[in-house]
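Student: I would like to learn how to read salt bridges in a model like this one, taking the residues one at a time before looking at the pairs.

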Amino acid sequence: MAAQRGEFRSRLGFILAAAGSAVGLGNIWGFPTQAASNGGGAFLFTYLVLAFALAYPALMAELLIGRHTHRNMSQALGALPHHNGLKRIGMLTGIGGLVTASLILSFYGIVAGWMMGFATSYPLAAIGLTQSADWLITFSTPRNLTLTGVFMALTMSVVMGGVEDGIERWSRRLMPILIATLVVLSLYVLTLDGAMKGLSIYLRPDFSKILSGDLLIDALGSAFFSLSLGVGTMLIYGSYLSDNEHVPSVGAQVALLDVGIAVLAGFLILPAMYVADVRGVAIFNAAGGLLSEDTLIFSVLPALFDTMDTVGLWLATAFFVLMSIAALTSSISMLEVPVAYLIERHGLSRRRATLLAGTSIGAFSGLIALNFERLFGLVITISTRYGQPLLGIVVCLFAGWLWQRDALLAELKKNDAAAEQRWFWKIWPLYVKWVCPVIISVILVRSIL
Ligand code: TRP
């Protein structure tokens with residue numbers, strides 16, 4: 001069996017694939033605007049602390065369990081405990097992860113379709129095809145269905161290629177383009193009038209906001225979503241990691257890249273908003289807060305690009321291509337979760353597993369698109385607000401309580417003979433045992449009440 005499983009060819013390939021999963025719409029879109037409306041530098045600071053104090057240990061739990069068992073989440077969690085009842089809970093949790101990952105993909109695919117629509121509409125408008133261009137950027141059910149279908153087909157074609165020739169190859173190609181585009185766009189926007197005001201709002205900390213419970217819930221939610229935690233995405237990527245790699249350090253690099261890119265995106269989005277302000281585009285809502293989420297991406301930024309003529313055309317295209325790439329390297333990691341399960345648990349070929357999982361999730365996206373008002377927000381809430389933290393707690397509990405200490409140490413020693421002396425070994429096991437489950441539970445309960 002083990003020989004048939006995929007394995008990342010290189011450390012860089014793994015880091016780019018896992019960072020590709022982590023870096024997505026959440027980083028470039030969610031993080032900067034949340035920072036802006038939650039105390040600027042104060043949110044940035046809280047986010048950094050939570051990312052390393054809570055999300056990184058949870059990420060390590062997934063990566064280590066994956067690498068140790070070389071299995072999908074359901075079989076991996078089923079393998080850790082000795083007790084049969086607990087094994088069953090582990091397997092069911094894995095299936096919960098698979099369902100949650102599929103739900104996340106079903107709404108993510110719709111949003112990603114919008115990004116692709118905007119990315120193609122600018123060049124089309126430039127060559128005179130204004131009608132098609134308008135159709136692509138105007139909300140309608142046929143448009144949503146078409147673009148989501150195209151995006152899902154793209155995601156499936158990458159996943160069908162397998163770990164090395166699909167996921168790793170495309171992450172290696174796309175991630176450098178993503179980072180370069182983001183850097184170039186931010187540098188350019190920073191030279192424009194108004195940019196410095198946005199930058200100072202982003203970086204100036206308003207510590208009075210830090211103590212608000214909402215800020216903590218938001219920051220933890222973003223950190224969890226951003227690192228793709230809870231649903232078995234990182235677990236399955238970890239399971240394709242070679243036994244020669246030192247998991248604590250590659251995991252840290254993935255977390256650093258993810259956080260780094262979110263922070264970098266702040267250097268683009270907030271300055272861009274204040275550049276738009278200088279040019280007469282409305283950037284505040286009636287309550288005086290910054291416009292965010294879909295209004296920001298699909299109205300404020302396009303209105304800004306419209307004030308810039310030809311440069312605007314290039315910027316807009318680059319920006320939406322960037323968003324589409326970020327979405328694709330994330331969506332493949334979500335689809336890989338059910339696909340790996342179907343292959344390993346039910347013996348399907350990768351092709352069949354991808355077709356089955358991809359078309360089912362695509363069909364569910366279609367259902368959401370047809371009942372947009374009713375389902376879109378609901379699916380997001382169920383999967384990200386409740387599903388992810390709940391599953392995250394179980395994963396930490398399994399790693400902390402049901403994984404024998406010597407087996408865990410043996411796993412760490414695979415490529416680090418001195419693992420016992422490292423701070424990671426001294427801190428992390430206690431951390432996933434107590435700190436992570438308790439804090440995640442507290443924040444989860446608060447967000448429900
Ligand atoms: N982390 C990605 C983002 O920031 C999205 C993502 C990919 C994800 N895989 C996931 C979120 C699994 C939750 C669970 O956009």
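Student: Is D165 buried, partly exposed or exposed?

Tutor: This is a predicted model, and in it D165 has a relative accessibility of 36%, so D165 counts as partly exposed. R169, at 38% relative accessibility, also counts as partly exposed.

Student: What do the side chains of D165 and R169 form?

Tutor: The general idea is that side chains of opposite charge can pair when their charged atoms come close. Here the side chains of D165 and R169 meet in a salt bridge, with 3.8 Å from N to O, and because the two residues are 4 apart in helix α8 (residues 162–190), about one helical turn separates them.

Student: How many residues apart in sequence are the parts that E245 and R11 tie together?

Tutor: E245 and R11 form a salt bridge at 2.7 Å, N to O. Since E245 lies in the loop between α11 (233–239) and α12 (247–278), while R11 belongs to helix α1 (residues 11–22), the pair ties together parts that are 234 residues apart in sequence. E245 is buried at 12% relative accessibility, whereas R11 is partly exposed at 44%.

Student: Which residues are linked with R67 in a network of salt bridges?

Tutor: The network links R67 with D243, E411 and K414. Within it, the side chains of R67 and D243 meet at 3.4 Å, N to O; R67 sits in helix α3 (residues 41–69) and D243 in the loop between α11 and α12, so this pair ties together parts 176 residues apart in sequence. R67 is buried, with a relative accessible area of 1%, and D243 is partly exposed, at 31%.

Student: How many salt bridges does a search of the whole structure find?

Tutor: The search finds 11 salt bridges.

Notes: Residues are numbered from 1 along each chain as its sequence is written. This is a predicted model: local features need pLDDT of at least 70, side-chain atom pairs count only at pLDDT 80 or more; totals for chains, interfaces and linings use all residues. Side-chain values use heavy atoms; hydrogens and water are left out. A salt bridge is a side-chain nitrogen of Lys or Arg within 4 Å of a carboxyl oxygen of Asp or Glu. Buried means under 20% relative accessible area, exposed over 50%, partly exposed in between (1.4 Å probe, protein chains only).
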